[in-house]
Structure formats: C-alpha cells, structure tokens
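Dear colleague,

I am passing a structure on to you, and below it you will find my notes on what turned up in it. Please read them with the sequence and the structure open beside you.

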Amino acid sequence: MKLVVTVAGRKRNAGTFLEGIRRQKIMSFCVKALARRIRRRSQRESWINFISSITSSTSSKQLWKKVKAANGIYLEFTFPVLNTGNVTHSDPLDIANTLGHAFAKVSATDSYGSDFVAIKNRAERTPLRFTTCSTIPYNSEFRMFELETALSRAHDTSPGPDGITYNMLRHLNTTSLSHLLFLFNRIWTEQKYPSQWHEVL
C-alpha cells in the first residue's frame with residue numbers, strides 16, 4: 001500500500017511538473033509571437049517613414065545616405081586627433097586653433113622670400129581699376145537673382161568675426177536683401193573694400 005501511494009505521488013508530482021513546463025512553453029511561445037508582431041509593425045512603420053522622407057527635393061547625396069543607412073551601412077565615426085611633434089590634440093577647439101596657427105604661419109609674410117615680398121608689396125600698392133570704356137558683363141553691378149543664387153549655393157561654413165552665417169542671410173526679407181545688394185554694389189562700383197575683408201581668420 002505504501003508503495004502504491006508513493007508511485008501515485010510520483011506520478012502526480014511528475015504531472016504537475018510537466019504541466020508547469022507546458023505552461024512555460026506556451027507563455028514563451030506567446031511572448032515570442034508578440035515580439036515578432038511588434039518587430040514587424042515597427043519595421044513597417046520605419047519603412048513608411050523612410051519612404052515618406054524621400055521627396056523630389058531630396059539630393060542624390062542624401063538619398064544614397066538614406067539607402068546605405070537602410071542597408072545597415074554606416075560610416076564609422078572616429079574622433080579626429082591631430083599630432084604635432086610630441087603633442088597630441090583631441091579637443092576640436094584645440095585642433096582648430098592648431099590648424100589656424102599653422103595656416104597663418106604659412107600665409108605670413110615671414111615665410112616668403114625677399115624677392116616675392118617686394119613684388120607682393122608693389123602689386124598691393126597698385127589700386128584695382130574695374131572701370132572700362134566698353135560695357136563688360138562681369139564688371140556690371142550685381143543683380144538680385146545673382147545674390148539669391150549665391151546665397152542658395154553657399155555652404156554653411158563658420159561665421160566670420162561678425163557672427164553672421166549664410167543661413168541668417170538666406171532668411172532675410174526682400175527689403176533687407178535689397179539693402180545688402182545695394183551695399184555690395186556700392187563696394188563694387190566705388191572699389192573701396194572693407195578692411196575686415198583683408199583679415200585671415
């Protein structure tokens with residue numbers, strides 16, 4: 001009798017154990033199915049957003065960048081490091097200043113030969129004259145469409161000492177653009193250029 005009870009207990013325990021395993025498998029299957037459904041929905045939404053971001057105004061460069069990103073091809077970004085002699089520069093501002101000093105040194109008069117400096121000084125003393133007897137198109141005043149075209153094609157580089165960016169100039173209203181055009185044309189016709197235009201940043 002004791003043996004029968006023990007066998008029955010084992011069977012009952014085994015059945016409970018197997019039932020627990022079966023429930024775990026069902027739960028695991030349900031969780032995996034839910035995860036697959038969420039992943040498929042996310043992929044579908046991501047693809048719709050990706051396709052919607054491509055318009056007729058998207059440049060070919062941006063398009064290929066998006067295609068590569070969709071294929072999982074990413075350009076690995078490495079933080080730029082500059083070595084000068086025994087010194088390593090990793091801070092962006094430090095790198096920019098080091099390059100700026102190097103370019104300024106190369107462009108400085110001290111790095112030129114004496115013959116070249118004499119020719120340079122003589123040439124810089126000669127005033128520029130754009131006036132001619134005949135009307136040449138490249139000497140005429142700038143027009144509004146030329147200013148707008150130049151601004152639309154300009155890349156967003158770092159601003160000068162005045163802190164004005166190309167993006168700011170692009171957002172000027174018509175009146176402000178007209179004043180800017182008048183200023184450029186006045187500089188062009190009077191041939192008197194601001195001293196700041198001669199400075200190297």
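**Salt bridges**

Arginine 143 forms a salt bridge with glutamate 146, and their closest N and O atoms are 3.9 Å apart. Please keep in mind that this is a predicted model. Arginine 143 is partly exposed, with a relative accessible area of 48%, and glutamate 146 is likewise partly exposed, at 30%.

Across the whole structure, the search finds 4 salt bridges. Another one joins aspartate 156 to arginine 170, where the closest N and O atoms are 3.0 Å apart. Because aspartate 156 sits in the loop between H5 and helix H6 (166–170) while arginine 170 belongs to helix H6, this pair ties together parts that are 14 residues apart in sequence. Aspartate 156 counts as exposed at 55% relative accessibility, whereas arginine 170 is partly exposed at 29%.

Within helix H4 (residues 114–125), glutamate 124 and lysine 120 lie 4 residues apart, about one turn of the helix, and they too form a salt bridge, with the closest N and O atoms 3.1 Å apart.

**Core and surface**

The largest nonpolar core has 5 residues, namely Leu147, Leu151, Leu177, Leu180 and Leu181. Helix H5 (144–153) and helix H7 (174–190) are the elements that give two or more residues to this core, and the largest share, 3 residues, comes from H7.

Lysine 32 is found in helix H1 (residues 2–52) and counts as exposed, at 52% relative accessibility.

With best regards

Methods:
Residues numbered from 1 in each chain as written. Predicted model: local features only at pLDDT ≥ 70, side-chain atom pairs only at ≥ 80, totals over all residues. Heavy atoms only, no water. Buried < 20%, exposed > 50% of the residue type's maximum accessible area, 1.4 Å probe, protein only. Core = buried A, V, L, I, M, F, W, Y, C linked by side-chain atoms within 4.5 Å. Salt bridge = Lys/Arg side-chain N within 4 Å of Asp/Glu carboxyl O.
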